[in-house]
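Good morning, and thank you for making time for this presentation. Please look at the sequence and the structure as they come up, and keep both in view while I speak.

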Amino acid sequence: MFSIPTFLESLVPLFWAARYTLLISVAGIALGLVIGTLVCAARLSPSRALRRAGAVWVSFLRGVPLLVQLLVFYYSLPLFGLDVPAMVAAIVTVGICASAYISEIWRGAINALPRGQAEAAVAIGMTPQDVWRRIILPQAFTLSLPALINELILLVKASSLVSVVGILEITRASQAQAATTFRPLEVYLAAACIYLVINLCLAALGRYLEHRTAV
Amino acid sequence: MQASSVEIRNVSKFYGPFQALRDVNLSIPPGKVTCLIGPSGSGKSTLLRCINFLEDYSAGEIRIDGRMIGYEAPGRRMRGRALREMRRSIGMVFQQFNLWPHMTARENVAEGLIRVRGLSRPDAAGRAADALAKVGLADKMDNHPSRLSGGQQQRVAIARAIAMEPRLMLFDEPTSALDPELVGEVLHVMKALAGEGMTMVVVTHEMGFASHVADQVAFMERGELVGVDTPGRILHQPEDPRIQGFLRTYHERNSF
């Protein structure tokens with residue numbers, strides 16, 4: 001028998017645990033944006049060495065599952081004598097992993113702009129900095145917004161993986177809950193509902209931003 | 001307005017093994033309209049893009065009012081700042097308009113005035129409004145390019161160039177991407193500009209424009225400048241068989 005009271009009761013602690021899920025996802029994408037922008041700059045730079053380094057970064061991080069990256073990163077920290085809280089390790093790993101995807105999102109958006117956009121700016125004598133700042137980046141940002149929101153939603157779901165290093169986010173909290181109540185279906189269904197609500201909100205935010213930046 | 005002259009001397013350009021320009025020589029006198037015609041792939045757009053150094057050239061020299069563009073000396077590249085300074089007085093209009101879609105018509109025109117000429121925002125907005133009025137778009141200033149017809153977009157692009165007060169204007173097939181009924185409004189604006197004594201170099205397939213507005217017409221084929229003369233002599237009494245052949249094809253295509 002499906003127990004509706006158990007389902008409702010487990011929503012509360014899981015909702016509380018969602019703050020870790022959100023913290024990891026939002027901090028992760030923020031870090032990913034910073035690193036991803038640098039990686040993208042490296043991949044578009046005139047220096048062959050930088051382009052190569054950027055390509056290696058992207059293919060390595062896209063080619064290894066996040067869960068494995070997380071475990072390798074977490075268990076390698078003591079080797080360097082670092083005592084980093086699990087939360088920080090999780091955010092850094094998620095951010096680094098996201099940077100690979102974000103740099104590709106940027107690169108795709110920048111390459112999608114017609115070359116004439118920059119040419120027109122160069123032809124009237126704008127500096128390269130102004131061409132980037134005023135012409136290319138604002139358009140690339142608008143173009144990449146749907147993909148960035150998509151990436152954020154993926155991160156919210158991928159953050160369930162950090163339960164392996166002991167962070168009590170939604171998934172880990174529901175496992176604990178299921179073990180104590182012996183009602184796994186109700187508990188996991190509650191977890192599913194919370195993930196869904198978070199991601200529906202993010203999708204709505206994305207639609208709002210797209211609408212606002214549309215030309 | 002002070003108009004520029006352009007001297008093109010022995011200019012060649014290679015794309016790898018392919019020679020896009022073959023030892024081109026052409027004098028563009030100040031205040032005159034020079035049309036570049038010829039079959040597609042003949043190098044006319046490449047030559048035009050060399051004049052403001054959007055493309056580099058491999059040999060020869062292009063001088064604007066006596067100053068070589070792109071190189072300090074043969075083989076030694078110009079620094080960015082010096083090149084930008086020269087480009088500031090050269091306007092360019094592209095086949096695909098190349099307006100910035102995230103800005104309104106007025107912002108498109110004002111952007112260069114603010115960033116390159118260092119005007120304040122209100123001054124730039126005022127000057128942009130004047131330039132747009134001049135091309136007949138005073139009522140479309142606050143529209144984004146996506147809300148304008150092709151002909152209107154190209155007129156905004158012309159306004160963007162002339163607002164910078166150039167002494168030389170380059171047009172790269174300005175009407176080729178337009179629906180036939182929109183060509184006239186763009187040519188009309190270009191004619192008015194020519195009437196003011198602007199030096200203009202126009203790559204075009206509009207033989208009517210070349211015939212009526214140009215002071216000289218240059219015919220190019222396979223990277224070579226085959227002939228340059230008055231429109232009458234090039235378009236109506238061509239001696240070179242290559243020009244005759246090109247015009248025959250043109251007339252056949254346009255007769256019905």
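Predicted model: local features only at pLDDT ≥ 70, side-chain atom pairs only at ≥ 80, totals over all residues.

In which helix of chain A does Gln177(A) lie? Gln177(A) belongs to helix H7 of chain A, which covers residues 170-181.

Is Gln177(A) buried or exposed? Gln177(A) counts as buried, because its relative accessibility is 19% and the limit for that class is under 20%. If neighbours within four places in sequence are set aside, Gln177(A) is in contact with Ser10(A), Pro13(A) and Val187(A).

I now turn to the interface between the chains. On one side, 23 residues of chain B take part, and they are in contact with 20 residues of chain A. The area buried between chain B and chain A comes to about 1900 Å², and carbon and sulfur atoms give 61% of that area.

How many salt bridges does the rule find across the interface of chain B and chain A? There are two salt bridges across this interface. Six residue pairs are also found in polar contact between chain B and chain A, with both residues at pLDDT 80 or more. Which elements of chain B each supply at least two residues of the side that touches chain A? They are helix H2 (80-87), strand S8 (90-93) and helix H3 (105-115). H3(B) gives the most, with three residues. Sorted by class, the side of chain B that touches chain A has ten nonpolar residues, six polar residues and seven charged residues.

Over all chains, the structure holds 23 salt bridges. Glu119(A) lies in helix H5 of chain A, residues 115-123, while Arg49(B) lies in helix H1 of chain B, so this pair joins two chains. Both Glu119(A) and Arg49(B) are buried; for Arg49(B), the relative accessibility is 10%.

Arg49(B) has a further partner, Glu55(B). The side chains of Glu55(B) and Arg49(B) meet in a salt bridge, at 3.1 Å from N to O. The side chains of Glu55(B) and Arg49(B) are also joined by a polar contact of 3.1 Å. Where in chain B does Glu55(B) lie? Glu55(B) is in the loop between helix H1 (44-51) and strand S4 (59-64). Although placed in a loop, Glu55(B) is buried, with a relative accessible area of 16%.

A polar contact of 3.1 Å joins its side chain to that of Tyr15(B). Leaving out residues up to four places away in sequence, Glu55(B) touches Lys13(B), Tyr15(B), Thr46(B), Arg49(B) and Cys50(B).

Which residues are linked with Glu119(A), Arg49(B) and Glu55(B) in a network of salt bridges? The network also includes Arg115(A), Lys13(B), Asp56(B) and Arg77(B).

Another salt bridge, in chain B, deserves mention. Glu165(B) forms a salt bridge with Arg117(B), and the closest N and O atoms are 3.1 Å apart.

How many disulfides does a search of the whole structure find over all chains? The search finds zero. Cys97(A) is buried, with a relative accessible area of 9%. For Cys193(A), the closest cysteine sulfur is in Cys201(A), at 13 Å, which is also too far for a bond. Cys193(A) is partly exposed, with a relative accessible area of 32%.

That concludes my presentation, and I thank you for your attention.

Note on methods:
Residues numbered from 1 in each chain as written. Chains lettered and ligands numbered in written order. Heavy atoms only, no water. Contact = heavy atoms within 4.5 Å. Buried area = accessible area lost by both parts, 1.4 Å probe. Salt bridge = Lys/Arg side-chain N within 4 Å of Asp/Glu carboxyl O. Polar contact = N/O pair within 3.5 Å; in protein donor to acceptor, adjacent residues only side chain to side chain. Helix = DSSP H or I, 4+ residues; strand = E, 2+ residues; numbered from the N terminus. Nonpolar A, V, L, I, M, F, W, Y, C, P; charged D, E, K, R; others polar. Disulfide = S-S within 2.5 Å. Buried < 20%, exposed > 50% of the residue type's maximum accessible area, 1.4 Å probe, protein only.
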